[in-house]
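Okay, thanks for coming, everyone. Let me put today's model up and we'll walk through a few spots.

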Amino acid sequence: MDPVNLIFNNARKFYSCFIASALILAACLLPAPALACSSSDYNYQTFFETERVDCDVANYNPISDSAVKFVNLSVNTVLAGNKSPDGSGEVKVMIKKPVFFEPSLKFSADTINKTADSLETEISGNYKTYNVRACGSSEVESVYKSLGFAGASDEVVIFTPEILKRLYSENGIYAVIDISFYSMSVAKHYQINIKTPVSDRRDLARTDKFEARIRYKITKCETGDILWIDEVCGLSDDSFYYSLFEKGLMYNLKQVCINESALQ
């Protein structure tokens, strides 16, 4: 074969192999297509994720998220207790005290008390918008004393069918809500910006994904039937963004924290 043609053919083969290799490499480097994108991912690709570990109440948003979800999921069941012909009557419920916290939780005694109070306030406030009234602390204490218990203390109260019927007949309470705080955990995700560079961008990110798992049970006082029971997971993200460049200029690493509740 002519030496010129030989060189040309070899060069063409080399070029073809180079193009094929480049395409394969590009395909490997591209991020896998995602089925869905959450609002906290933006244009970032996670390159490292830590193990999910237990934590204390460093972020209240997942707890609030769980409480709101619980109200939205259970309110229709509770409203079924409205016996007013026009449906305008108020339904009264009671949150059982004390709220139970799993012994494995890394919560101090003060944190447990504050979390329980916040949960009760959140649930009461959201139920109120649906014309469902949760008994206040003073009313719960009065009811407990009338039943022979030590008010709204840390005494564990067992509501037998007879006691539940008294709650209904003597106090007009339609249902009792039991709350059990099961777990609180966090996992950290480290991400890089995969979008085409622009003049003002964030290059690096760390997202702390919090999860609270809380269990709820609603018992009808008149009959002792369980009306609703489930574990409701509350979620929330804390995202920390770091910029290498800002407006096209080199910039010392700047941290910006954006708190993103699952409620938003």
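So, Asn 131: buried, partly exposed or exposed? Partly exposed, at a relative accessible area of 32%; the scheme here is buried under 20%, exposed over 50%, partly exposed in between, with a 1.4 Å probe and protein chains only.

Quick housekeeping: this is a predicted model, where local features need pLDDT of at least 70, side-chain atom pairs count only at pLDDT 80 or more, and totals for chains, interfaces and linings use all residues. Numbering runs from 1 along each chain as its sequence is written, and side-chain values use heavy atoms, with hydrogens and water left out.

Back to Asn 131: it has a positive phi of about 70° without being a glycine. It sits in the loop between helix 3 (109–128) and strand 5 (132–134); helices are DSSP runs of H or I, at least four residues, and strands are E, at least two, numbered from the N terminus.

Pro 98 is in the loop between strand 3 (91–95) and strand 4 (100–101). For context, most residues other than glycine have a negative phi, and most peptide bonds are trans.

Beyond four places in sequence, Ile 179 is in contact (heavy atoms within 4.5 Å) with residues including Ile 95, Leu 119 and Tyr 216.
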